[in-house]
Amino acid sequence: VKPGSSQGLANRHPSMVNMVDVPVEVGEVALNYSPLFGGLAIAVALALLVCLLVARALLTSSPVPLSFLTNVYIAGTIIFGGGPVVIPLLHSYVVDPGWVSEREFLLGLAFVNILPGPNFNFGAYCGALAMRDPTSYAILGAILGYFG
């Protein structure tokens, strides 16, 4: 159906018969970042990934905050394909070490899916639970999970 024509109106919902097809203009958004800035951002992100992996490998007993941040950073770095793709990886990263129980993981996953930005919220939830023991800080875990 061409905009403004009456052809095909019989196939439309009755409430749309009197509506006029109006083209919607979508403006361009220019970010104005240089290729150098983009390259530096990628280099910094990869350098942080390498530093986290090396630090975790060199320590004989890696502290929970370092291990958790490394796990969520890896998950955020290597996963492509949308939010649900990362859930099995996060499950193995937080349930297998015993930081979060299976029940807590599934309850958190169900709860955060009603909120906007479920992966960021779920990362914060898992981080808070992973570092809830008296020697760690749940707030720090939530922050690491959210930004990691």
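Reader: What does pLDDT tell me about each residue?

Author: It is the predictor's confidence in each residue, from 0 to 100. This is a predicted model, and among the elements of the chain helix α1 (residues 35-58) has the highest mean pLDDT, 93, while α5 has the lowest, 82.

Reader: Thanks! How does the chain score in pLDDT on average?

Author: The chain averages 80, and 80% of the residues score at least 70. A friendly caution: where pLDDT is low, the predicted coordinates should not be read in detail.

Reader: What makes residues of α3 and α4 count as meeting?

Author: Contact means heavy atoms within 4.5 Å. By that cut-off, Ile87, Leu90, His91 and Val94 in α3 meet Glu102, Phe105 and Leu109 in α4. These contact residues divide into five nonpolar, one polar and one charged.

Reader: At what angle do α3 and α4 pack?

Author: Helix α3 (residues 87-94) and helix α4 (residues 102-112) pack at about 145 degrees, with their axes 11 Å apart. The crossing is right-handed.

Reader: And which residues lie nearest the centre of the largest pocket?

Author: Val72, Gly76, Val86, Asn119 and Phe120 do, out of 14 lining residues. The elements giving two or more residues to that lining are α2 (64-78), α5 (118-130) and α6 (138-147). The lining has seven nonpolar, seven polar and no charged residues, and the pocket holds about 270 Å³ of space.

How values were computed:
Residues are numbered from 1 along each chain as its sequence is written. This is a predicted model: local features need pLDDT of at least 70, side-chain atom pairs count only at pLDDT 80 or more; totals for chains, interfaces and linings use all residues. Side-chain values use heavy atoms; hydrogens and water are left out. On a 1 Å grid over the protein atoms alone, a cavity is a set of points where a 1.4 Å probe fits but cannot get out, and a pocket is an open set with protein on both sides within 12 Å along at least five of seven lines; lining residues have an atom within 4 Å of a point. Grid points are joined across faces, edges and corners, and a volume is the space filled by probe spheres set on the points. Helices (H or I, at least four residues) and strands (E, at least two) are DSSP runs, numbered from the N terminus. Ala, Val, Leu, Ile, Met, Phe, Trp, Tyr, Cys and Pro count as nonpolar, Asp, Glu, Lys and Arg as charged, and the others, Gly among them, as polar. Axes are lines fitted to C-alpha atoms, for helices over the stretch in contact, and angles run from 0 to 180 degrees between N-to-C directions. A crossing is left-handed if the near helix is turned anticlockwise from the far one by less than a right angle, and right-handed if clockwise.
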